[in-house]
Amino acid sequence: MTYNQICNPLTIGNVTLKNRIIFAPTTLGLKKEEYFKKIQEIARGGSAMIIIGDVPVSKKGHLSLHQKAGFNYYKELADLVHKENCLLSAQLHKSDSNFKGMIKYIPGILTKKITPNDLRKLLNDQVKVLINELPTSKVKEITSSFGDAAKLAVKAGFDMIQIHGDRMCGSFSSTVFNQRTDEYGGSIENRARFAIESIEAVHEAVPTVPIDYKLAIRQENPHYGNAGVLLEECSTFVPLLEKAGVTSFHIALANHSELSDCIPPYNHPYFNQEGCFLPYVDEVRKYTKLPCAAVGGLVHPEFIEKSISEDRFELAAMSRQLIADPNWVNKVINNQADQIHTCVRCNKKCLGGMQEHKGVHCIYEKEN
């Protein structure tokens, strides 16, 4: 079988991707040397672009672009990826973790009376407190900081900016967390304001650089995801984000719930099919003609080729599959698809490794 759609280049703004496969933003939890090696393997394996997840817009904290160590880290990473003829995107985000609100739970965490699942729920409860108590002046300061971080990201060598529509953007978008009564709360337009201001700040800072938006979707009946945009709100949100300056969309399930929902295993009660989040993409495409990236259990080239040819999406974003086999793209291009180490979505060493604080790995690693 030939894979003309997968191998077909795609231009977004002033950037041209050499094919339709990108590495989805993933926090791998690895030390620098191992992390850089893994990213280089994925770049060398033929992916068109790698999205580096959770690049903070804050001036303080771990790997801030505003600090020399953080800036040099990303510059070194960009140089490494570019040598493999691969593009790099920075997923800019602002954390919505309310660390001050979590201090009272430290004794329970240390004594293990509070389990990891308990902790996740407590963290989510504190998100609501943080979002609703942030002064308006502080909110505007944060949205403006997306522009400052974008300028530094481009200087460090990133080719594209992705705005993380989960984290604080997603929490402002969601009525689950946002009960504000000012200009940032209430109506859909008000709840979209944080994202819009962040997009506008990036566009003003780096006007020629494409802006991707990770659109976090939550749904009801059944309920999945807490942050982000309700599926039925897309008709309003999507045009607003496009008008603000977005040049493409990356569509996924919203987080702030069980990690095994947004990284679903093969036996998930609801998201067990390949392309499990594609219905969200189908809905978004009703309201925009901009390129869309799909994510969620995409593993087979035949499925991806067919989906692109049917105009369901332009880009296939993979994480677990490219961790399982960084050479997925090269194998497809070189008519070796039968040699792909196909991700079986077992979540044993990827999500399992993340939850056990051992870093993201794969059951195939010894075979690759």
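1. His357 is placed in the segment after helix 17 (351-355), where helices (H or I, at least four residues) and strands (E, at least two) are DSSP runs numbered from the N terminus. With a relative accessibility of 76%, His357 counts as exposed; the terms used here are buried for under 20% relative accessible area, exposed for over 50% and partly exposed in between, computed with a 1.4 Å probe on protein chains only. The phi of His357 is positive, near 60°, although the residue is not a glycine.

2. The model is predicted: local features need pLDDT of at least 70, side-chain atom pairs count only at pLDDT 80 or more, and totals for chains, interfaces and linings use all residues. Residues are numbered from 1 along each chain as its sequence is written, and side-chain values use heavy atoms, with hydrogens and water left out.

3. A positive phi is also found at Arg167, again a residue other than glycine, with a value of about 45°. Arg167 belongs to helix 8 and is partly exposed, at a relative accessible area of 22%. The peptide bond between Asn221 and Pro222 is cis, with omega about 0°. Pro222 sits in the loop between strand 7 (211-218) and strand 8 (229-230). Most residues other than glycine have a negative phi, and most peptide bonds are trans.

4. At what angle do the axes of helix 7 and helix 10 cross? The axes of helix 7 (residues 136-156) and helix 10 (residues 193-205) come within 7 Å and cross at roughly 35°. Axes are lines fitted to C-alpha atoms, for helices over the stretch in contact, and angles run from 0 to 180 degrees between N-to-C directions. The crossing of helix 7 and helix 10 is right-handed, a term for the near helix being turned clockwise from the far one by less than a right angle, whereas anticlockwise is left-handed. On the helix 7 side, the residues in contact (heavy atoms within 4.5 Å) include Val139, Ile142, Phe146 and Ala150; on the helix 10 side they include Phe194, Ser198, Ala201 and Val202. By class, this contact of helix 7 with helix 10 has eight nonpolar, four polar and three charged residues. Ala, Val, Leu, Ile, Met, Phe, Trp, Tyr, Cys and Pro count as nonpolar, Asp, Glu, Lys and Arg as charged, and the others, Gly among them, as polar.

5. Helix 10 has 13 residues, and its end C-alpha atoms are 18 Å apart, in agreement with the 18 Å that it should span at 1.5 Å a residue. The expected span is 1.5 Å times one less than the number of residues. The buried residues of helix 10 are Phe194, Ala195, Ile196, Glu197, Ser198, Ile199, Ala201 and Val202.

6. Ala153 also lies in helix 7 and is buried, at 0% relative accessibility. Apart from neighbours within four places in sequence, Ala153 is in contact with Leu65, Ala90, Phe158 and Ile161. Ala153 and Val206 are 53 residues apart in sequence, and their C-alpha atoms are 9.8 Å apart.

7. Helix 3 (residues 68-82) has 15 residues and reaches 21 Å from its first C-alpha to its last, close to the 21 Å expected. Gly70, Phe71, Tyr73, Tyr74, Leu77, Ala78, Leu80 and Val81 of helix 3 are buried. Their cover includes helix 2 (32-44), strand 4 (49-56), strand 5 (87-93) and helix 7.

8. Is Asn178 buried or exposed? Asn178, in the loop between helix 8 (167-173) and helix 9 (188-191), is buried, with a relative accessible area of 4%. The side chain of Asn178 reaches the backbone oxygen of Tyr184 at 2.8 Å. Beyond neighbours within four places in sequence, the contacts of Asn178 include Ile131, Asn132, Phe172 and Arg191.

9. Asp261 is located in helix 12 (residues 259-262) and is buried, with a relative accessible area of 11%. Residues up to four places away in sequence not counted, Asp261 touches Tyr224, Leu253, His268, Phe271 and Phe277.

10. Lys289, in the loop between helix 13 (278-284) and strand 10 (292-295), counts as exposed at 85% relative accessibility. Ile340, in the loop between helix 16 (328-333) and helix 17, is buried, with a relative accessible area of 11%.

Technical notes
A polar contact is a pair of N or O atoms within 3.5 Å; within protein, one must be able to donate a hydrogen and the other to accept it, and residues adjacent in sequence count only if both atoms are side-chain atoms.
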